[in-house]
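Visitor: I am new to this structure. Please take me through one part of it closely, and then show me what lies around that part.

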Amino acid sequence: MSHIHWYPGHIAKAQKQLKEKLNLVDVIIEVIDARIPYSSWYKTTAELCGAKPRLILMNKSDVSDPELNKIWANTISRKANCDILITNLSNKNDINIIISKIIKLSQDMLQKRAEKGMLPRPTRTMVIGMPNVGKSSTINRLVKKAKTKTGAKAGVTRQQQWVRINDKIELLDTPGIIPTVQDDQFQALKLACVNSIGENAYDSEYVACELLKILNKKYREVIEKYYGFNNNEEITIETIALKKGWILKGAQPDTKRTSQIILSTFREGKIGKFSLETPQEYELI
Ligand SMILES: Nc1nc2c(ncn2[C@@H]2O[C@H](COP(=O)(O)OP(=O)(O)OP(=O)(O)O)[C@@H](O)[C@H]2O)c(=O)[nH]1
Ligand SMILES: [Mg+2]
């Protein structure tokens, strides 16, 4: 039996809607989560994007492993054959870098227009990505820089608006959501760890237990220090509950509460800066 339940729902529909939106833009910004670059990266975006330039933002770099951030960025940029930026959206400068990169990526489009004798126009861009990776944050930060809302345009449904970021860039104000439907349970588990899968789809004790197994393997010293364990002690939901005094009547460990705390502190980056996967594990290096 699988532990994490995907809801296939309207995948085909979601894909079709995404494709329609992508038709409207010149440069595509795909946001992925730096803690799980492989699992949050949509391998078939290239098919959806066609020849359009694409910029990947490997986001939440403030809560992921700095060493692995660099290695992953190189690997993905090579594999996806596109530009990638390591971002932390609370960093104002990162937004300026994103803006310059979009301008750079639109040069071809502008040159082609010029060759056809057409006037230059602002580059149209949109943000896509799996749930919770930081799509809305990216849009909000870019829009804060915006001069004016340009309003709905022909060919665009009324719910969608183009926002003018500067003279050169217009951004679609709603993101494209990549449906996270997969049949790989380990990928599903990692998406659940970073809160990219609805809580109804999994049992938090199962996810916390698997997360601890990964952290025990990859970041043992960091979690020992954080929870106050010795190097010969087992670190599990139960032992953490007992150590922290998160217990129920009868001195039973409160595994439910402990699991939820483990997951939320991990997600906030309080335990440490962790990345749950390496390119080697996927034979990308
Ligand atoms: N630590 C950290 N948190 C971030 C960063 N960017 C976004 N977040 C947080 O991640 C959470 C999700 O961000 P959103 O921008 O809402 O993500 P989204 O992709 O729009 O999510 P959905 O709309 O649910 O698909 C929020 O709590 C953000 O504050 C980042 O660079 N670092
Ligand atoms: Mg959002």
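Visitor: How many nonpolar, polar and charged residues does the shell around ligand 1 have?

Guide: The shell around ligand 1 has 8 polar, 5 nonpolar and 3 charged residues. Keep in mind that this is a predicted model. In total, 16 residues surround ligand 1. The closest are Pro131, Gly134, Lys135, Ser136 and Ser137. Helix α7 covers residues 135-144. With 3 residues, α7 gives the most to this shell.

Next, look at Asn132. Its place is in the loop between β4 (123-129) and α7. Most residues other than glycine have a negative phi. Asn132 is not a glycine, yet its phi is positive, at about 70°. How open is its position? Asn132 has 19 other C-beta atoms within 10 Å.

A second residue belongs beside it. Glu283 also has a positive phi, near 50°, and is a residue other than glycine. Glu283 lies in the segment after α12. Its surroundings hold 6 C-beta neighbours inside 10 Å, so Glu283 counts as exposed.

Now step back to the domains. The domain assignment gives domain 1 as 11-177 and domain 2 as 203-282. Their C-alpha centres lie 34 Å apart. The two domains do touch: 14 residues of domain 1 are in contact with 9 residues of domain 2. On the domain 1 side, α2 (37-40) and α4 (66-80) each supply at least two residues. The largest share of that side comes from α4, with 5 residues. By class, the side of domain 1 that touches domain 2 has 8 nonpolar, 3 polar and 3 charged residues.

Two helix pairs come next. Start with α8 (residues 185-193) and α9 (residues 204-218). Their axes come within 10 Å and cross at roughly 100°. An angle of 65 to 115 degrees counts as roughly perpendicular, so α8 and α9 are roughly perpendicular to each other. From α8, the contact uses Leu189, Ala192 and Cys193. From α9, it uses Val207, Glu210 and Leu211. The residues of this contact divide into 5 nonpolar, no polar and 1 charged.

The other pair is α11 (residues 237-244) and α12 (residues 255-267). Here the axes are 9 Å apart, and the helices pack at an angle of about 95°. Therefore α11 and α12 are also roughly perpendicular to each other. In α11, the residues that meet α12 are Ile237, Glu238, Ile240 and Ala241. In α12, their partners are Thr255, Thr258, Ser259 and Ile262. This contact has 4 nonpolar, 3 polar and 1 charged residues.

Finish with the whole protein. It has 12 helices and 8 strands. Along the principal axes, the C-alpha atoms fill a box of roughly 80 × 35 × 35 Å. Of the 285 residues, 35% are buried. Consider contacts between residues at least 6 apart in sequence: 69% of them join residues at least 24 apart.

Technical notes. Residues numbered from 1 in each chain as written. Chains lettered and ligands numbered in written order. Predicted model: local features only at pLDDT ≥ 70, side-chain atom pairs only at ≥ 80, totals over all residues. Axes fitted to C-alpha atoms, helices over the stretch in contact; angles between N-to-C directions. Helix = DSSP H or I, 4+ residues; strand = E, 2+ residues; numbered from the N terminus. Parallel < 35°, antiparallel > 145°, perpendicular 65-115°, else oblique. Contact = placed C-beta atoms within 7 Å. Nonpolar A, V, L, I, M, F, W, Y, C, P; charged D, E, K, R; others polar. Domains from an automatic or database assignment. Near = placed C-beta within 6 Å. Buried ≥ 20, exposed ≤ 12 C-beta atoms within 10 Å, placed from the backbone.
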